[in-house]
There are 2 protein chains.
Amino acid sequence: MSFRSLRAAFAATASLVAVGGAIALTATPTEARAEEGMWTFDNFPIQAVNQKYGTRIDQAWLDRVRNASVRIQGCSASFVSDEGLILTNWHCVVGCAQELSTPEHDYVKNGFLPATREEEKKCPGQTAEVLTEITDVTDRVLGAGQGLEGAAFNAARRAEIGRIQQEACGGDAKFNCQVIDFYRGGRFSLYKFRKYDDVRLVFAPENQAAFFGGDPDNFNFPRYALDAGFLRAYEDGKPVETPNHLKWNANAPAEGDVTFVAGNPGTTQRLLTISQLERLRDQQLPVTLIQNSELRGRLLEYSLTGDEAKRVSFDPVFGLENSFKVYYGQQGALTDPAFMQVKRDQETELRQRVAADPALVQQIGDPWADLERVQATARDLYLPFRQLDQAAGGGSTLYQMAKALVRAAKNTEATPEQRARLAATMGEETPIYADMEEIRLRYWLSKTREYLTVDNPQVKAMLGRESPEALADRLITGTKLGDAAFRREAAGMTLEQLTAADPLLAFVAANDDAAKAIGDRWAAEVTAPTARAAEKVAQARFAAYGTNQYPDATFSLRLSYGTVQGWSYRGVTVPPFTYMGGLYERATGSEPFNLAQAFADNEAKVNKETVYDFSSTNDIIGGNSGSPVINAAGEVIGAAFDGNIHSLGGSFGYDGELNRTVSVSTAAITEALRNVYPNPRILGELGVR
Amino acid sequence: MSFRSLRAAFAATASLVAVGGAIALTATPTEARAEEGMWTFDNFPIQAVNQKYGTRIDQAWLDRVRNASVRIQGCSASFVSDEGLILTNWHCVVGCAQELSTPEHDYVKNGFLPATREEEKKCPGQTAEVLTEITDVTDRVLGAGQGLEGAAFNAARRAEIGRIQQEACGGDAKFNCQVIDFYRGGRFSLYKFRKYDDVRLVFAPENQAAFFGGDPDNFNFPRYALDAGFLRAYEDGKPVETPNHLKWNANAPAEGDVTFVAGNPGTTQRLLTISQLERLRDQQLPVTLIQNSELRGRLLEYSLTGDEAKRVSFDPVFGLENSFKVYYGQQGALTDPAFMQVKRDQETELRQRVAADPALVQQIGDPWADLERVQATARDLYLPFRQLDQAAGGGSTLYQMAKALVRAAKNTEATPEQRARLAATMGEETPIYADMEEIRLRYWLSKTREYLTVDNPQVKAMLGRESPEALADRLITGTKLGDAAFRREAAGMTLEQLTAADPLLAFVAANDDAAKAIGDRWAAEVTAPTARAAEKVAQARFAAYGTNQYPDATFSLRLSYGTVQGWSYRGVTVPPFTYMGGLYERATGSEPFNLAQAFADNEAKVNKETVYDFSSTNDIIGGNSGSPVINAAGEVIGAAFDGNIHSLGGSFGYDGELNRTVSVSTAAITEALRNVYPNPRILGELGVR
């Protein structure tokens, strides 16, 4: 368990100019463009790809890529040496860099560039996982839920999934077994991962090199960002041997070259029904955007109050602005009449096919109508669910810790192993910034009062006679949860002991029954019937279009294919490459367009013709951050870190004309390790002279 | 010209729980519920009202009420003594109280309660206007635009309107003549006002008495707020004689009593077409809500940095949160499928009537299709229009001053009188808070870069090589516009002189051509064709439903009627009255639910049975704040200050079952002047013993 927020929304550069009118989604899955799709490794369209590109992909190629692909928290990565060296994005390791930093050693601002392997530092809570086996368990999972509804349905499925995972992994800490949902309930697969939980930071450039252009350039292209970082997997104190790594190719690709991206796209919502999309558009996204904007304003003002405030708020502001842009782009797609019309046409087409097949109707009923009813319930429950459970604490780390401790103390069925694991996690050192904690808590408390109203019983119970500001201050000032030793101790306490020991624990304990109750209602009245209906929509889809489809993203390993390409929009053509010289042209000297120190100091040495970043047609989404970009020969040629502005609607549909992946080239990383952050040790390990 | 922001959104208490499902708008204007409507004084349904309520309203009654009704900036008010005493809301005078305050004398926090008339203080820029005459000028205005389009249409209309106003008022500073649009271009009337421009603050209670419950209670009911304040109109240094005032009735009404509200509802959008509503829903409201939320977060964090920060941010935060809630409520209505369906049905009905009348089709064409095309243009232009012109400066007072000075210097046709007026306005003392100015400016600059993109030519021109933060700092630190003497001097300068004299003036001057260009495009390509088409929709409406309709609100004097009533929603019945004792029960001691000092000190004296606030079915909206609530006898019994949560969709339609006006009773004001803020002087003037 890590308290770092999931970075499943990839960092990127987006202007917020409305994008619309040009979306050309394919009408039915059977007409999917060749580049569309986040394919599972057990259903990759090998033949179609080889035919289209003249490549020679085969099962062995796929296995090699799979074995070199690494899943890390919220991101993707790959082994690139035989000593456990992992390539990913800087923005996937910056959280670790922030945690390892102190006011004296700021690895975010100055980079982390140790000269020796001995100085590589463990990232708290970080794991690395390699997918070793895929097993279809659809029948067992669907069978367990058969004939059940609501909480009973959830419980039966959860129990069966637990059994499947337990049977496959036993108690072996070197493996992680996870049953993953595909096609929104159409298929379930057991994914077995080899797991490493000693992962160390090897290299992070200065934030200003990695995130040049900051939020304004995020989700934009052309782009000049060294968004790359290295980790290393250790076991028993030694680097892991990884013969199955990707060969490092320091040459940039050419326009039109075929590119594969292997990684873990977090979530797409392409298979949602119209009623589900409309609830997102009318309620969930607006509330999320509005609340996130207020928090953004609060954090930005705080960040301007001093150097230390700026330092500690860097990563949280970055994460918040990044996800804001993602949601804003999603909202843009859903409020685009042309886009929604295409989705409506697709749904109508599928429902007509179903209606024409009486046996199928008999089997599945009308899941679209079921989902429409679920949305009415979801509209009623969403605000209390969001404020009291899902988004409770406003992102406060201390609140999350308190909640974990309280829930564990209430769980009478926890095993000794689970308790030991909690104590170990809680005992890990992690920096806590009291100001940030207090901002988040008072923001959450005041929004909860605002959205649920002053006279709501839960709001009254939480606030008592205090104001959100005074309560947040009292809880954060008084809590001992910033102390790892106290947390470890708390992991062994009863609910009564927790309540007596600490004001924040007492607060969470007092209000947790209500939070759990609304969470349980959401699970029984929204999650369960959604799963029941989605399973039937998936059956309809298989019946209508066959199994040659890719499933929605579920932070599971996928392979996407495409080519190096720019795009044209409203008469403007954007070429697919930027060069390192362009960085110096774009720099203004003012944040966030100032040069990183090392880039400024070493300008004379840098080869300005080096390809810096490039765009390709691969279909990816947040969670793919850090994914290796691979050529037909199976060599790594870049790390995907972003999408262009047009990719923001990608959650709901892929537009081959406009949707682009943005990657940092291995050529640029190599040049940086040669002449900007000279590091012969890593270059040697990558096999570069 | 005043630099205070227009408070045309009335203060109120709203929970943000989604309100929907219960909206029962009438299908066509002819079926309008009796309580619906913001009627002009020359088209009030006297007979229908008298029949329904057994009242004896006649033209003389209407004239008396009109002559006692007062329009002030962004609010409504009424004369309540024969010496120019004006009743309005506290929240309509708090801006004045804030401007008159200093760190030593905080009239917002402590109230303004002078013992003698000599201590009444002039509110900078405040005027008071009484409507004396209404003349129909529809033919002249429509005739001027005949056959013209775009900028030429705007110019011709503007010129004709200018002529009409000039002919009616001449140069007499005691009058204000204004041609006002009714029925969205269906009718134009000349409103002639008697104008007073020496208006002084007489009484403002403590903010904690007036705004008890703060933003959380705003747009909610039951409510416990003394949202009342008094001004006084002066002329030639003496109080104005006002024999036409409303008689003060210190007794609270009973449930079911008929109530009239006379005031200036700011804007309703009930006659907009579906395509216009959809653009509001999909673009304008979301962007406004998102940006306002970020500014809200910035200001809230700033307000917590110290006592002086809290003091100077009070009124801006209050205004921002109030308008945020209004927009949020509007968005709630437009994203409610049932609500939009009613609007769609209404439009379909009207269009069918038109289609059935070939002569009408011949005359008006298809204005709905015209408006749909205008929306496409508006979607393209909105973001640059908003960022560069409409919302430029982010609410910075200094920016607005600079813009006014630059525009005046560029206006080669300005008359000597206009220049003198500008110099006088600019020379008025007004407090400037540099921190607040800088927050607003950097917020605006960073949002402009975000929404228009880094590479937008106007963004590049504005920022040059500076960051939004550094630029805002340089401009606000360097400008001399905080000094009234410098501003007066600047009002006589050429553009070159302005540029040389001051960095903020130089910045605005350098970027104003681009701002004006997009403003002109919006006027020509959106405003003008919208007016052209709306005029035709209005003709269709008159043809279909006759003239017995009320027009959309345009901050012009209206009369609404209704009765004292609570409401029921989802099984909960809310009674129409609160009592002063309830205040003491609701108080928690924590902001914003702490008692005002005087209410705490005088608890033993206060008659807790006094009706405090009450709800009625009157159809009002922002701008009506401060309106007198009048009984059938023509006496004032309260001041309207808010709507309930259900009133937030009132911009687009009135729901008689749920939509309620919230007013503070004259009974409560009287009790406060007796036992909380004892003031025999004012009580005597009101004729109360």
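Student: What makes the meeting of the side chains of A:D513 and A:K410 a salt bridge?

Tutor: In this predicted model, the N to O distance between A:D513 and A:K410 is 2.6 Å, and the cut-off for a Lys or Arg nitrogen and an Asp or Glu carboxyl oxygen is within 4 Å, so the pair is called a salt bridge. The pair links distant parts of the chain, since A:D513 lies in helix 21 of chain A and A:K410 in helix 14 of chain A, 103 residues apart.

Student: Why is A:D513 called exposed, and why does A:K410 count as partly exposed?

Tutor: The relative accessible area of A:D513 is 54%, and exposed means over 50%, so A:D513 is exposed. A:K410 has 27% relative accessibility, which falls between the buried limit of under 20% and the exposed limit of over 50%, and therefore A:K410 counts as partly exposed.

Student: How do you know that B:R353 and B:E349 are separated by about one helical turn?

Tutor: Both belong to helix 11 of chain B and are four residues apart, which means a separation of about one helical turn.

Student: What makes B:E301 and A:R298 a salt bridge?

Tutor: The closest N and O atoms of B:E301 and A:R298 are 3.2 Å apart, and the limit is within 4 Å, so this pair qualifies. The count between chain A and chain B is 12 salt bridges.

How values were computed: Residues numbered from 1 in each chain as written. Chains lettered and ligands numbered in written order. Predicted model: local features only at pLDDT ≥ 70, side-chain atom pairs only at ≥ 80, totals over all residues. Heavy atoms only, no water. Helix = DSSP H or I, 4+ residues; strand = E, 2+ residues; numbered from the N terminus. Buried < 20%, exposed > 50% of the residue type's maximum accessible area, 1.4 Å probe, protein only.
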